[in-house]
Amino acid sequence: MRIIVLGLLVLLVLLPSLLILFARHRPARIRIPMAMAAFLAPIVMIGLVSAAPYLMNDVRNAPQWAHMLGLMLWAGGFFLPWIIFALFLHMGRKTVPE
């Protein structure tokens, strides 16, 4: 069962990164940093949550809401690549139809 969960997490991160990287309608100087940001976003988010012991419930008097917030931020890191992908698709000049 762990293999399935890890496979889904890899797809949640890898798929939007590859979609950004292989999008041909944008120049490579934009695609490469955006793909790297999408790929590294979960690692950065998990690192930030792990750096705060209050959010990881590693302190004696941490309330349950702090641990729940840490779990939500940790899990939300896996959806950040899709948010970055959506921003990548919609960035650029907007043309107003006449």
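User: At what distance does the side chain of Arg31 reach the backbone oxygen of Leu21?

Analyst: This is a predicted model, in which local features need pLDDT of at least 70, side-chain atom pairs count only at pLDDT 80 or more, and totals for chains, interfaces and linings use all residues. Residues are numbered from 1 along each chain as its sequence is written, and side-chain values use heavy atoms, with hydrogens and water left out. A polar contact is a pair of N or O atoms within 3.5 Å; within protein, one must be able to donate a hydrogen and the other to accept it, and residues adjacent in sequence count only if both atoms are side-chain atoms. The side chain of Arg31 reaches the backbone oxygen of Ala23 at 3.2 Å, and that of Leu21 at 2.7 Å.

User: Is Arg31 buried or exposed?

Analyst: Arg31 lies in helix H2; helices (H or I, at least four residues) and strands (E, at least two) are DSSP runs, numbered from the N terminus. Buried means under 20% relative accessible area, exposed over 50%, and partly exposed in between (1.4 Å probe, protein chains only). Because its relative accessible area is 10%, Arg31 is buried.

User: Which backbone oxygen lies 2.3 Å from a polar atom of the side chain of Arg26?

Analyst: Arg26 is in the loop between helix H1 (2–21) and helix H2 (28–51), and its relative accessibility of 17% is why it counts as buried. Contact means heavy atoms within 4.5 Å; not counting residues up to four places away in sequence, Arg26 touches Arg31, Phe88, Leu89, Met91 and Gly92. A polar atom of the Arg26 side chain lies 3.4 Å from the backbone oxygen of Phe88. The backbone oxygen at 2.3 Å from such an atom is that of Met91.

User: Which helix gives the most to the nonpolar patch?

Analyst: Val10, Leu14, Leu18, Phe22, Ile32, Met36, Phe39, Leu40, Ile43, Val44 and Leu48 make a nonpolar surface patch of about 1000 Å². Leu40 is found in helix H2 and, with a relative accessible area of 35%, is partly exposed. H1 and H2 each supply at least two residues of the patch. With seven residues, the one that gives the most is H2.

Technical notes:
Patches are made of residues with over 30% relative accessible area and no salt bridge: like charges are joined within 9 Å, nonpolar side chains (Val, Leu, Ile, Met, Phe, Trp, Tyr) within 5 Å. Accessible areas come from the Shrake-Rupley method with a 1.4 Å probe; for residues, only the protein chains shown count as cover. A salt bridge is a side-chain nitrogen of Lys or Arg within 4 Å of a carboxyl oxygen of Asp or Glu.
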